[in-house]
Amino acid sequence: MFMPRYVISLSLLLLVNATSSSGLAASCPPTPWDEIGPFYRPNAPVRDTIGKGYLLSGTVRSSADCSPIPKARIEFWQAGPDGRYDDAYRATVYSDSRGRYRLQTFPAVPYANRPPHIHILVDVKEFEGLVTQHYPKRGAQKAQLDLVLVPEGKEGGESKGRAGDLVRPGTGTR
């Protein structure tokens, strides 16, 4: 049986389009989890500046389709220039209507035997919570870090213990 050339071309075009569409969904992998550490305290003050010299910014996104997530609560904590953790080096920011956030801070310093890092906790309704860390490049004055969250129930209905460990503000527990 003979198929007209346009049918073959159309079939190939549809196959490429379907492959490309599924590739887009896979192009937004979730941000990896990292330890919360012993110095997390809930309810960091709402502010976008805790120092000068380093700007961390990015977009909070959904792993399902890479769409931005507005109104995500993002907590940051880090060791200050003196190498100690305290309230002066904690902040909460909220992503804007396009999912964007920014934090102006001190350049991260090493703590104990660990490289310089900034702790991050992200929480927003309908998404699994996230605890991760940002490791600035040596000598950098800024970085862009997108925080990609998994919609609740999208990993087979199991949080793999991660979201159960997330501390939500005002309650002390999830």
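Trainee: Before I get lost in the picture, how many helices and strands are in the protein chain?

Mentor: Keeping in mind that the model is predicted, you will find 1 helix and 8 strands in the protein chain, and from the N terminus on the elements run α-β-β-β-β-β-β-β-β.

Trainee: And how much of the chain is buried?

Mentor: Buried residues make up 38% of the 174 residues, while the chain exposes about 10300 Å², with carbon and sulfur atoms supplying 57% of that area.

Trainee: What about the strands, which ones make up the open sheet?

Mentor: The open sheet has 4 strands in the order β3-β2-β5-β6, and their pairing is antiparallel. β3 and β6 stand at the edges with a single partner strand each, so one side of each has no neighbour in the sheet. From one strand to the next, the twist averages 20 degrees.

Trainee: Is V131 buried or exposed?

Mentor: V131 counts as buried, because its relative accessibility is 2% and the cut-off for buried is under 20%. In space, V131 and G37 are 9.8 Å apart, C-alpha to C-alpha, although 94 residues separate them in sequence.

Trainee: Changing topic, which strands pair with β1?

Mentor: β1 is joined to β4 by 6 bridges, and those two run antiparallel, with T59 standing opposite R100 in β4. β1 also pairs with β7, residues 142-144, in the parallel sense over 3 bridges, where L55 stands opposite K142. With β8 the pairing is parallel as well, again over 3 bridges, and there R61 stands opposite V148.

Trainee: How many residues of β1 are buried, then?

Mentor: β1 is mostly covered, since 7 of its 9 residues are buried.

Trainee: Which residues touch the most other members in the largest nonpolar core?

Mentor: That core holds 23 residues, and the ones touching the most other members are V60, I74, F76, Y101, V122 and L147. The elements that give two or more residues to this core are β1, β2, β3, β4, β5 and β8. Apart from it lies another core, of 7 residues, and A79, Y85, L121 and V131 are among them.

Trainee: Last topic, which cysteines form the disulfide?

Mentor: The structure holds 1 disulfide, formed by C28 and C66, whose sulfur atoms are 2.4 Å apart. This pair links distant parts of the chain, with C28 in the loop between α1 and β1 and C66 in the loop between β1 and β2, 38 residues apart.

Trainee: And are those two cysteines buried or exposed?

Mentor: C28 is buried, and C66 is buried too.

Notes: Residues are numbered from 1 along each chain as its sequence is written. This is a predicted model: local features need pLDDT of at least 70, side-chain atom pairs count only at pLDDT 80 or more; totals for chains, interfaces and linings use all residues. Side-chain values use heavy atoms; hydrogens and water are left out. A nonpolar core is a set of buried Ala, Val, Leu, Ile, Met, Phe, Trp, Tyr and Cys residues joined through side-chain atoms within 4.5 Å. Buried means under 20% relative accessible area, exposed over 50%, partly exposed in between (1.4 Å probe, protein chains only). Accessible areas come from the Shrake-Rupley method with a 1.4 Å probe; for residues, only the protein chains shown count as cover. Two strands pair if DSSP finds at least two bridges between them. Axes are lines fitted to C-alpha atoms, for helices over the stretch in contact, and angles run from 0 to 180 degrees between N-to-C directions. A disulfide is a pair of cysteine sulfur atoms within 2.5 Å.
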